[in-house]
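Work through the exercises below with the sequence and the model open. Each task is followed by a solution in steps.

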Amino acid sequence: MASVVTVLGSWTVKPETPTPQPRIHKLSNLDFHISFENYTKQVYYFPPSSRDDLVESLRASLSRVLVPFYVLAGRVRRAEDGHKLEVDCNDAGVSFVEASAPDASFSDWKNMAFCSIEQLLNPSEVAITDPDTAPIFKVTKFKCGGIALGILVAELVLDGSSNFAFVNAWSEIHRGLPLLRPPVFASNIFQARQPPAIILPVRDYYSSPIYNTHSAKATDVTSEYAVKMFEMDPDQVDDLIRDVHSGPYSYGRPPTSFEATSAMIWKAITEARDLQDSIITSYVYAISLKGKNRWNPPVPASYIGNSIHSPCLTAKAGDIKSRHLSYAARLFHEDILSTTQEHMQSAIDWMEMELGRGRKINLNGDFVSGTGIYSTSLHSFPVYSVDFGWGKTVHYSLVMQPPWYGNGVTVILPSPRGGRHRRLLISLPAIHMKKLVNHEFFCKYTTLGS
């Protein structure tokens with residue numbers, strides 16, 4: 001019999017100290033470029049806690065952390081110009097849910113990466129502009145005493161690094177520690193020039209009518225999707241880096257693990273899809289603008305909001321398939337080096353013009369019909385160091401579900417084993433996933449999770 005998750009209570013949690021009113025948080029153009037309908041769903045799994053007042057204490061610390069993170073307690077609304085969204089920081093609060101999984105224990109799964117009730121640890125979302133919509137935090141106690149913390153927030157407000165900054169801040173406050181890095185809400189850092197000036201061509205994004213929820217570049221398919229977890233140990237990561245560095249397209253220094261891993265994913269999936277040589281395949285990834293020398297003046301490390309640029313790298317499928325792995329890695333290396341601040345500023349200015357026309361910003365890739373890959377890398381984020389006071393994270397999951405499902409969605413995650421261990425979460429049609437699982441080249445560098 002399938003385990004169930006029962007809701008025991010639900011509360012609205014507001015900042016402990018009211019936010020001065022009125023306060024409106026203007027969103028930057030980068031906040032819109034991923035698709036502002038998306039929510040990020042995460043689940044942190046923790047060991048058992050002996051605290052009887054755990055739920056009450058988490059609610060109290062959440063109220064305290066919402067004082068500096070007041071934007072989360074607001075509501076998304078359409079701005080007066082009718083084209084952009086903004087956050088009314090009105091202290092309407094967030095939703096906090098207590099739940100129980102009385103028939104389930106962590107030991108029911110050999111690996112918590114395959115927790116079959118994970119979708120129940122986060123509720124379904126609604127439109128973010130619904131006046132009743134708020135971030136949701138759900139604490140679920142398992143029969144074994146283990147605890148799952150489900151978090152649902154809009155990508156419009158928090159990107160990956162901002163998500164982890166918030167959770168770390170909450171955990172510190174819950175342990176009675178001072179907040180060492182207060183959040184910085186300063187979306188004007190990424191504002192468009194006035195007037196907007198497109199100095200360099202914009203190749204990484206395109207616009208579409210605001211109410212068109214399907215990409216003009218994508219074709220709906222009815223394939224059954226499969227989502228699988230793959231592991232990479234340090235030896236496999238090192239072997240991959242050596243293979244790229246010794247290849248005919250190497251570039252003077254060993255590749256980063258990101259360049260090598262992304263190249264391996266692109267080549268293996270393109271071959272598993274058996275794309276025709278003449279087809280253009282794309283790979284969308286993220287560059288953090290918080291990185292060294294990425295933005296001038298530098299973006300504060302504690303900046304909260306979307307601070308990434310999403311390049312769309314393209315190549316002929318025949319070149320990715322037939323050439324050595326180092327060819328794809330070199331494409332990533334050169335693309336990263338050539339992405340200047342002017343490239344990103346021109347994109348921001350172009351977004352300003354398109355949003356002003358009432359259009360929606362989209363990533364310039366195809367993640368449905370089977371020629372593109374959308375990848376996000378979280379492997380450098382310290383998710384396994386999160387500690388609310390009764391033990392560090394034992395498993396972290398970025399929940400894959402619509403609209404995350406897609407033909408070629410990949411997530412590079414850290415592993416509970418730490419160090420250079422990696423996890424790859426990949427979504428593909430079942431027919432292509434079967435080929436990937438048995439792909440000799442892919443199996444050299446990865447192990448199917450179990």
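**Exercise 1: a helix and its cover**

In α7, the buried residues are Met 344, Gln 345, Ser 346, Ala 347, Ile 348, Asp 349, Trp 350, Met 351, Glu 354 and Leu 355. Buried means under 20% relative accessible area, exposed over 50%, and partly exposed in between, with a 1.4 Å probe and protein chains only. This is a predicted model, in which local features need pLDDT of at least 70 and side-chain atom pairs count only at pLDDT 80 or more, while totals for chains, interfaces and linings use all residues. Residues are numbered from 1 along each chain as its sequence is written, and side-chain values use heavy atoms, with hydrogens and water left out.

Task: describe the span of α7, what covers its buried residues, and what follows the helix.

Solution. 
1. Helix α7 covers residues 341-356, which is 16 residues. Helices (H or I, at least four residues) and strands (E, at least two) are DSSP runs, numbered from the N terminus.
2. From first C-alpha to last, α7 reaches 22 Å, close to the 22 Å expected at 1.5 Å a residue. The expected span is 1.5 Å times one less than the number of residues.
3. The cover over the buried residues of α7 includes β9 (205-209), β13 (308-309) and β15 (359-363).
4. After α7 comes Gly 358, with a positive phi near 75°.

**Exercise 2: salt bridges**

Solution. 
1. A salt bridge is a side-chain nitrogen of Lys or Arg within 4 Å of a carboxyl oxygen of Asp or Glu. The whole structure holds 21 salt bridges.
2. Glu 352 lies in helix α7 and Lys 84 in the loop between β4 (75-78) and β5 (85-88), so the pair ties together parts 268 residues apart in sequence.
3. Glu 352 is partly exposed at 23% relative accessible area, whereas Lys 84 is buried at 17%.

**Exercise 3: a histidine in a loop**

Solution. 
1. His 439 is buried, with a relative accessible area of 14%.

Technical notes
Contact = heavy atoms within 4.5 Å.
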